[in-house]
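Look over the sequence and the model before reading on. The tour below goes one region at a time.

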Amino acid sequence: MRSPPDFSLPPVPLARSLIGAVLTVDGVGGRIVETEAYDRDDPASHSFGGPSARNAAMFGPPGRAYVYRIYGLHWCLNVVGGPEPGGAVLIRALEPLHGLERMAERRGVADPRSLCSGPGKLCQALAVTRDHDGLALTEPPFELLGATGAAPLAAGPRIGVSKAADRRWRFGLAGSPWVSRPFPSARMPG
DNA sequence: ATGACGATGCACT
DNA sequence: GTGCATCGTCATG
């Protein structure tokens, strides 16, 4: 049995616990295999400068969606965390499980590898837009079920982030071929 | 009113 | 590996 994620967790533990969870929108979605944590005291976070019209959902109750537009054309989906306001987890990649055909139509590509392997891609595949900003992830059209067990985790620096680049707050399902980019693997000298 | 810039994806070399 | 599309948001005048 899958139980819901504990949304009251701070962004980093929430980001780790969401690996392996299953997210769908109107029945289309899959297993979360890549996340990034952002918190209030984080120069890279949209909440860093305090509440605004755009980031209002980040300062609302945990367990809701924060959706924003990036580079004028892509949408990105976050899970709002807790217990302090201003924390969220960016969903960066899914392993497609449900509604593959619908995803392919929306994405305009056939290769399953490129359906949900990036934050903008998965929003297009699941038809997530600003309309979903602030909606509860535990209610339709969303469904978000927690991981069944402890997933083997990979970690690395966040992607596209110039500030606080030292924080290894990007998490992934170790060895998964569905992530947006490979994780740096430990390399033996010699 | 205006300008800088971005938690990206895609085409191309 | 590099270049670029494209526009909402925020800081500034």
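Start with aspartate 42, which sits in the loop between strand S2 (28–38) and strand S3 (65–70). Helices (H or I, at least four residues) and strands (E, at least two) are DSSP runs, numbered from the N terminus. This is a predicted model, in which local features need pLDDT of at least 70 and side-chain atom pairs count only at pLDDT 80 or more, while totals for chains, interfaces and linings use all residues. Residues are numbered from 1 along each chain as its sequence is written, chains are lettered from A and ligands numbered from 1 in the order in which they are written, and side-chain values use heavy atoms, with hydrogens and water left out.

Is aspartate 42 buried or exposed? Aspartate 42 counts as buried because its relative accessibility is 0%. Buried means under 20% relative accessible area, exposed over 50%, and partly exposed in between (1.4 Å probe, protein chains only). The side chain of aspartate 42 makes a polar contact of 2.7 Å with the side chain of arginine 158. A polar contact is a pair of N or O atoms within 3.5 Å; within protein, one must be able to donate a hydrogen and the other to accept it, and residues adjacent in sequence count only if both atoms are side-chain atoms. Leaving out residues up to four places away in sequence, aspartate 42 touches Ala37, Phe48, Arg158, Ala164, Arg167 and Trp169. Contact here means heavy atoms within 4.5 Å.

Now move to strand S8 (residues 170–173). Both of its faces are covered. Arg170 and Gly172 are buried on one side, Phe171 and Leu173 on the other. In a regular strand the side chains alternate between the two faces of the sheet. S8 runs antiparallel to S2, and three bridges join them. Two strands pair if DSSP finds at least two bridges between them. Threonine 35 stands opposite phenylalanine 171 in S8. Strand S7 (residues 153–156) also pairs with S8 in the antiparallel sense, over four bridges. There, glycine 156 has arginine 170 as its bridge partner.

Next comes helix H3 (residues 119–126). Six of its eight residues are buried, so this helix is mostly covered. They are Pro119, Gly120, Leu122, Cys123, Ala125 and Leu126. What covers them includes strand S1 (22–25), S2, strand S4 (74–80), strand S5 (88–98) and helix H2 (100–107). Just after H3, alanine 127 takes a positive phi of about 60°.

What about the cysteines? The structure holds zero disulfides (pairs of cysteine sulfur atoms within 2.5 Å). The sulfur of cysteine 76 is too far for a bond, because the closest cysteine sulfur, in cysteine 123, is 6.0 Å away. Cysteine 116 is in no disulfide either; its nearest cysteine sulfur, that of cysteine 123, is 9.6 Å away. Cysteine 76 counts as buried, at 4% relative accessibility, and cysteine 116 counts as buried at 1%.

Finish at the DNA. Which residues are around DNA strand C? They are Ser52, Arg54, Arg69, Tyr71, Gly72, Leu73 and Arg130, where near means that a heavy atom of the residue lies within 4 Å. Sugar and phosphate account for 67% of the atoms of DNA strand C that come within 4 Å of the protein. A polar side-chain atom of serine 52 lies 2.4 Å from a phosphate oxygen of DNA strand C. At tyrosine 71, a backbone N or O atom is 2.6 Å from a base oxygen of DNA strand C.
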